[in-house]
Amino acid sequence: MEPFKKIKSIVTPLDKVNVDTDQIVPKQFLKLIQRTGFGQYLFYDWRYEQGGIPKTDFILNDPEYKNSKILLARDNFGCGSSREHAVWALDDFGFKAIISTSFADIFYNNCFKNGILPIRVSDEILQKLFSTKSEIEVDLEDQTIMVNNTPVSFDIEPHWKKILLEGLDDIAMTLQHASQITKYERSHKI
Amino acid sequence: MSKTLFEKIWDSHIVVNEDGRSLLYVDRHLIHEVTSPQAFEGLRLNARKVRRPDLTFATMDHNVPTSDRTLPILDQTSSVQIKALERNCKEFGITLFDIHSPNQGIVHVIGPELGITLPGTTIVCGDSHTSTHGAFGSLAFGIGTSDVEHVLATQCIMMEKPKTFEIKIQGKRKNPHAVTAKDIILSIIRKIGTAGGTGTVIEYRGDTISELTMEQRMTICNMSIEAGARAGLIAPDEKTYQYLKGRKYTPNNYDELVNDWRDNLKTDSGAKFDKSFTLSAENIAPQVSWGTNPAMTDDVTGSVPFPDEYGKGNPEEVKGATKALQYMDLKPGTPIIDIVIDRVFIGSCTNARLEDLIEASKVVKGKKVASKVRAMVVPGSQLVKKNAEEMGLDKIFKDAGFEWRESGCSMCLGMNPDILAAGERCASTSNRNFEGRQGSGGRTHLVSPVMAAAAAINGHFVDVRELDLN
Ligand code: SF4
C-alpha cells in the first residue's frame, strides 16, 4: 500500500445521511474479480440516467469538483453491505479522504485497508466544511484539517495511523505473530 | 469478575493484544463468490497459502441463477465469478458447496444447517449478514475483502474490541403467528435507528427471545447489521444444542462440548453492558417498511408519514424522508394497507428457512395470487427446498401461482436475473430496502413471510392478525 501523504484539495459535499454501500457501488458491478476499475461505477444510479447519460444535478458530475480528493459526507456513511468494492470505487475515482460525523463500522475498517483516511468530526465542524468553497488540507501526521487557515484536530486510532502513514501490509504484520497463532491453535480445540 | 457472553467469547479467542487491539482467532471462515476473488488474488500475488483450509467453507449464492440448474449460466460475468471460486477452492484445498451440491444455499442458511456454526465460536464471512450465526451464541462478524484475505492467510482477525449493547425483549406477543421475529427486529431498528448499534455487539435477551425457535432467532440476529451493529448474539440454550445435534459438521465430541457450553456460555448476573434498550413484545404489530432504509418502517395499521413528523425537527432526517418518499412514490398519509404491490419475494438469509415457508404457506393454501402480482419463493438452501417439497409446500405455492425456485440470494440483491423492473413495487421478506437494491428503480417494502404471502394474495398489504393462521 502507498504511504498516506498530506492532501490539499477542495471538498465534494455529498449532502445526504445514511448513504449505503448499495448506492456507492450498485450490485450489478460486483461481479468483477479484480480490485481496479471501479471508479466508473461509483454512485452509478445517482450519477447516470438509464442509458448512461450523466445527471447534471448530481455533485460528482459537477466539473467544479473534478479534481477533488476529499469527500464530505453525512451521518452513518457506508452503511449496509460489507462490499469493499465501495472503497475501491471511491479510491479509483480519486478520493483519498472522507470526512463525516460517523461511518458504519465495516466500511470504516475497509477504508484503512485501502489507504483511504476516514475522518470523524463534530456536527459543527462538518457544517463548517459544508459551507466552505476553498481548499482544505488534511495532515494525518499532525491529525489536523486546515480550514481557512484554522486548524481543526481529529482523532484516529494509533494503529490505523501507523498503517496509513507507513503504507504497511497488515497481513505481514500479523504473520510476525505466527508462533503465537500456532500456540493458540494447539490449546484450542474447536 | 462478571462478564457478558460477548466478553467471554472475545477473551477466549485472543491470540495477542497489541496497540489497544486484539488479534482474534477465527474458528470458522465462510466464503462466497462475490467478496472472495480479490482476496485469493492477493494471496497469489504474495505467494501466501490458506492457513486453515479445514476451517474454511465456501458456497456460491449471491449471483447464481435460481432457475433450472442443469442449464448453463447465461450471464457471462456471473459465470466468470463462479468459475473463479471453483478454481480458488480447488487450488487452496477448500471445501466448496457448488451450484450442484445438495448443500448449496445462502451462506448464512447453510452454516447452521450443516453444523458449521457452533456456540462459543468465532465466525467471519465477507458478508454483513454474518451476524445471523449469533443466534447460536457464536460471535460472528461480517468483514471486507481485505480482511477475508487476512483471515485466509492467518486464520486471525485484528480488531478493536466493540462495546456491548443489551437489547431486552419481554412479554408475550398477542398473536405469534402474525407478529413474527421479523416484526420484532424491524420494531427494534425502527426505534434505535440504522446507526443505533454502531460500534457494538448486541446481545438479545429476555423471555420473548427465549421463546423463539432457532430459525426465528436467526431472523433477529440477521438484521443486527441493519441497526449498524458489528454482531448480534443470543445465548445458547437447550433449543440451540438440540438444533445442532447430528448435523453434517457437528464435532464428534459434541456432548462433551455441550456440557461445557451449558456451564459457560451466558452473561453472568451482575455483568455490565455499555448500553441497554428494552422493548415490550406485547404491543408489536406486523411491520411494513415505507422508505429506503430499514428504520423507515411503520405498523401495518399506520400510514405513510409526513416527513416533518418523521424527522422530528432534525433537518437531515426530514430531507432523508422526503427523498425516500419521492423514490418510493408514496404520498404522506396513505394508509399502509392501501399500498398496492406488483411483486412478492419470499426469500433471503432473513426469511427463507423451512419455518418461514411453512408459515407463509398457511396464508397461501387454497388461494390464488392476485392477478396483477408476480410472486416467487426462493428457498434459502437446497436442503430447505428438499424438506419443503417433502412436506408438499412447493405444491401449495405453485397451485396458488407462486414461482418455486432453486436456492440462492436471488432478488434480495438482484445480482442474478431475478430483479425488479424500474418502478415496480415489491413486498419482500429480505432485509434491505435501499434504493435500487432489488433492481434499479425498484421499490422494496420489507415484511415478514406471512405479510408477504398475504400481500401476494390480496395485491396490497393486509393486517395478518385478521387472518386465521393456526
Ligand atoms: S440473502 Fe441477501 S442479505 Fe443474505 S447474504 Fe444473500 S444478498 Fe446478502
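Which residue just after H3(A) takes a positive phi? The residue is A:Gly94, with a phi of about 125°. The views below come from a predicted model, in which local features need pLDDT of at least 70, side-chain atom pairs count only at pLDDT 80 or more, and totals for chains, interfaces and linings use all residues. Residues are numbered from 1 along each chain as its sequence is written, chains are lettered from A and ligands numbered from 1 in the order in which they are written, and side-chain values use heavy atoms, with hydrogens and water left out.

View 1. Helices (H or I, at least four residues) and strands (E, at least two) are DSSP runs, numbered from the N terminus. In H3(A), the residues A:His85, A:Ala86, A:Val87, A:Trp88, A:Ala89 and A:Leu90 are buried; buried means under 20% relative accessible area, exposed over 50%, and partly exposed in between (1.4 Å probe, protein chains only). Within chain A, these buried residues pack against H1, strand E3 (70-72), strand E4 (97-100) and H4. From chain B, helix H2 (37-45) and helix H5 (145-154) also pack against them.

**View 2. The two chains where they touch.** In contact (heavy atoms within 4.5 Å) are 53 residues of chain A and 71 residues of chain B. About 5100 Å² is buried between the chains, and carbon and sulfur atoms give 51% of that area. Buried area is the accessible area (1.4 Å probe) that two parts lose on being put together, summed over both. A:Lys27, A:Lys31 and A:Ile190 supply 16% of the area that chain A buries against chain B, more than any other three residues.

**View 3. A salt bridge between the chains.** The side chains of A:Asp15 and B:Lys319 meet in a salt bridge, 2.9 Å from N to O. A salt bridge is a side-chain nitrogen of Lys or Arg within 4 Å of a carboxyl oxygen of Asp or Glu. Between chain A and chain B the count is nine salt bridges.

**View 4. B:Cys221.** A search of the whole structure finds zero disulfides over all chains, a disulfide being a pair of cysteine sulfur atoms within 2.5 Å. For B:Cys221, the nearest cysteine sulfur is that of B:Cys349, 12 Å away. B:Cys221 is buried, with a relative accessible area of 0%. Another cysteine, B:Cys412, is buried with a relative accessible area of 7%.
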